[in-house]
Structures are given as C-alpha cells and as structure tokens.
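Look over the sequence and the structure first, then read on.

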Amino acid sequence: MDRFDRAIIAALQDDARMPIAEIAERVSLSATPVSRRLKHLEEDGIIRGYAPILDMRKLGFELDAYVLINLETHNDENIDRFEQEILSNPYVVSCNAVTGDMDYLLHVIARNVDHLNQSTLKALVRIPGVRDVKSIIALEAIKSLQSVPLD
C-alpha cells in the first residue's frame, strides 16, 4: 500500500458513501485510478465491505455487555459446538478467542438486563461444555472507533 491507497482508505473511513469523484479530489488523483485502486483494495481483502454504523440505543438496545466464557475442555467437539451456538445468536455482535484465564470474550447487545439474562446468559450457560460465564455491563462508551490508524 502506498500513500494514495492509505489516503483512499482514510477518506472512506470518514465516509464510506463518499463518491469516487470526491475521493479522487481529496487524494489528488483522477477518478479512474481511484476506481482501479479501490477495486484492488477490495480484491486484496483490505476493504472487506461497506456497512452503516448503527446507533444501537436508538434501535432499542440499551445495554452493551462483555461476556467472558471458559470451556470445560478444549477438544474439537466442545469448541465447534460452542462456536456454532455463538454464530447463531444474533445478540452476540462479536466473539474473540482470548489468552489468559478465560477462553472467549463476547460483545453482546441487549434491550435491558432481563433481555441480556434471557437471550444470552441463560443460553450460554446451557451450551454443553461451557464451564464459566462472567458478564460485565458497560455503563458508558468513552471511545468507540470504527476506523484504524493508517500511519
């Protein structure tokens, strides 16, 4: 990636719906090379897609929670079963395998505490092979970026 690619990505991080002509003006290239570069960035998987940034609270999801999970054993069957359950739970917005005392860190959204308990926590505890479930409720987002530094 050169400085033009980074500038194109920076422009898209500001506004993913920015027209190519505006990106071209911003990065000091014509529209054709910008289009070509965008296509390469997409084909190379650097740009994986375009999505709106949603306000979860305005959509009725008042609660942000982080859930730590420990499995009983780390065999393929337990891991596969757990990951399939997570993939099918619409309230789990991200799941990461982590190092340390716990095995997974989940980011969960819920309408309220009761919804969190019913839709997620009780479901997680019931997955065969799950040993521990610990939850943390976020009170306020201090920093939440959708972009990455390009330097």
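## Helix packing

The axes of α1 and α3 come within 10 Å of each other and cross at roughly 85°. That makes α1 roughly perpendicular to α3, because angles from 65 to 115 degrees count as such. Keep in mind that this is a predicted model.

Which residues bring these two helices together? On the α1 side they are Phe 4, Asp 5, Ile 8, Ile 9 and Leu 12. They meet Val 34, Arg 37, Leu 38 and Leu 41 in α3.

Next comes the pair α1 and α2. Helix α1 covers residues 3-14, and helix α2 covers residues 20-27. Their axes come within 10 Å and cross at roughly 130°. That makes α1 oblique to α2. The crossing of α1 past α2 is right-handed. From α2, Ile 23, Arg 26 and Val 27 take part in the contact. Their partners in α1 are Phe 4, Ala 7, Ile 8, Ala 10, Ala 11, Leu 12 and Asp 14.

Helix α2 makes the contact through Ile 20, Ile 23, Ala 24 and Val 27. Helix α3 supplies Ala 31, Val 34, Ser 35 and Leu 38.

| Helix pair | Axis distance | Angle |
|---|---|---|
| α1 and α3 | within 10 Å | roughly 85° |
| α1 and α2 | within 10 Å | roughly 130° |

## Salt bridges and surface

The model has 7 salt bridges. One of them joins Asp 2 and Arg 37, with the closest N and O atoms 2.9 Å apart. Asp 2 lies in the segment before α1 and Arg 37 in helix α3, so the pair ties together parts that are 35 residues apart in sequence. Arg 37 also belongs to the contact between α1 and α3.

What sits on the surface? Leu 54, Met 56 and Leu 59 form a nonpolar patch there. Together they have about 260 Å² of accessible area. Leu 54 is in the loop between α3 (31-43) and β1 (63-71).

Key: Residues numbered from 1 in each chain as written. Predicted model: local features only at pLDDT ≥ 70, side-chain atom pairs only at ≥ 80, totals over all residues. Heavy atoms only, no water. Patch = residues over 30% accessible without salt bridge, like charges linked within 9 Å, V, L, I, M, F, W, Y side chains within 5 Å. Areas by Shrake-Rupley, 256 points an atom, 1.4 Å probe, with all protein chains shown as cover. Salt bridge = Lys/Arg side-chain N within 4 Å of Asp/Glu carboxyl O. Helix = DSSP H or I, 4+ residues; strand = E, 2+ residues; numbered from the N terminus. Axes fitted to C-alpha atoms, helices over the stretch in contact; angles between N-to-C directions. Parallel < 35°, antiparallel > 145°, perpendicular 65-115°, else oblique. Left-handed = near helix turned anticlockwise from the far one by under 90°. Contact = heavy atoms within 4.5 Å.
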